[in-house]
Amino acid sequence: MTEQLRLMAVHAHPDDESSKGAATMAKYVSEGVDVLVVTCTGGERGSILNPKLQGDAYIEENIHEVRRKEMDEAREILGVKQEWLGFVDSGLPEGDPLPPLPQGCFALEDIDKAAGELVRKIRAFRPQVITTYDENGGYPHPDHIMTHKITMVAFDGAGDAEKFPESEYGQVFRPQKLYYNQGFNRPRTVALHEALLERGLESPYGEWLERWKEFQREERTLTTHVPCADFFETRDRALIAHATQIDPEGGWFRVPMEIQKEVWPTEEYELARSLVDTSLPEDDLFAGIRDNA
């Protein structure tokens, strides 16, 4: 190959990179791919989800700094680069009716202006492949939905010198493929759930599957299954590094590793945009790119 392969993963908050596509990124890093995580917000309004850390006055008062340190540790574990886009966490509104979003938060930013900041990152890093969330955000957090919106604009805008002038945003560059993370998909959940029950083990997925029926979620098209079972432990260590967000004894870690590797040894993606020819299904985010890199 005459050019370095580069992957950019655009995420809403610190910890999202470790729960969505982390094993894939670690796999590509091991193969010499240059991987950059772009984190849109600092996660300042995220709840402390680890019961062992709830009520800690220092963490509550310094959550922004704490989450940055957690991100640094996860980045080291995964072997990726990481940069902040610099926007403020919108929080997850709750209630009926939902309260208004806080002023100055990421989800209320002008889409083109926010996308311009991502265009700068894309033009500087020059990734052939970008991953992000689908139009539903993976789940309907306002920051996840906003991340989708600005990434779609930036994917095209990085190659558009008229909309985003080179004098302000850097030399134009056109990424070649855009994927949506679809790791939380129903086929995977069903397969692991049934495998656990067949072995006489308790499944953490029963409630998930019932909620799936309740919400009648549309099945996504899983175009790309990346084999990355050898990096599931790395994924989990990176996730646990986000100590304020993850309970190491919680449901994330209740499926024995050997069952995960045997039953579902891949992470899944939905190919949303491609400027290169590729054949579906794929097992590589760089399919159609490697031979021409």
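Reader: Which residues does threonine 39 touch, not counting residues up to four places away in sequence?
Author: Threonine 39 touches His11, Ala12, His13, Pro14, Met71, Gln82, Glu83, Trp84, Leu85 and Gly86 on that count. Do keep in mind that this is a predicted model.

Reader: What makes threonine 39 buried rather than exposed?
Author: Buried means under 20% relative accessible area. Threonine 39, which is found in strand 2 (residues 34-41), has a value of 0%, so threonine 39 counts as buried.

Reader: How do you know that the side chain of threonine 39 makes a polar contact with the side chain of glutamine 82?
Author: The distance for this pair of side chains is 2.8 Å. A polar contact needs N or O atoms within 3.5 Å, one able to donate a hydrogen and the other to accept it, and the pair is listed as such a contact.

Reader: Which residues does the "binding site" annotation cover, and what makes them gather at one spot?
Author: The UniProt record, an unreviewed entry, names His13, Asp16 and His144. They span 132 residues in sequence, but no two of their C-alpha atoms are more than 9.6 Å apart, so they gather at one spot. Such annotations may be inferred rather than shown by experiment.

Reader: Where do the two histidines of that annotation sit, and why are they called buried?
Author: Histidine 13 lies in the loop between strand 1 (6-11) and helix 1 (16-19), while histidine 144 belongs to helix 6 (residues 142-157). The cut-off is again under 20%. Histidine 13 has a relative accessible area of 6% and histidine 144 has 0%, so each of them counts as buried.

Reader: What is histidine 144 in contact with, leaving aside its neighbours within four places in sequence?
Author: Its partners are Ala12, His13, Asp16, Lys20, Tyr133, Gly137 and Tyr139. Histidine 13, seen from its own side, has contacts including Thr39, Arg67, Asp89 and His144.

Reader: What caps the N-terminal end of helix 8, and what follows the helix?
Author: Asparagine 185 is the cap, with a side-chain oxygen 2.8 Å from the backbone nitrogen of arginine 188. Helix 8 is followed by glycine 200, whose phi is positive, near 75 degrees.

Methods. Residues numbered from 1 in each chain as written. Predicted model: local features only at pLDDT ≥ 70, side-chain atom pairs only at ≥ 80, totals over all residues. Heavy atoms only, no water. Helix = DSSP H or I, 4+ residues; strand = E, 2+ residues; numbered from the N terminus. Buried < 20%, exposed > 50% of the residue type's maximum accessible area, 1.4 Å probe, protein only. Contact = heavy atoms within 4.5 Å.
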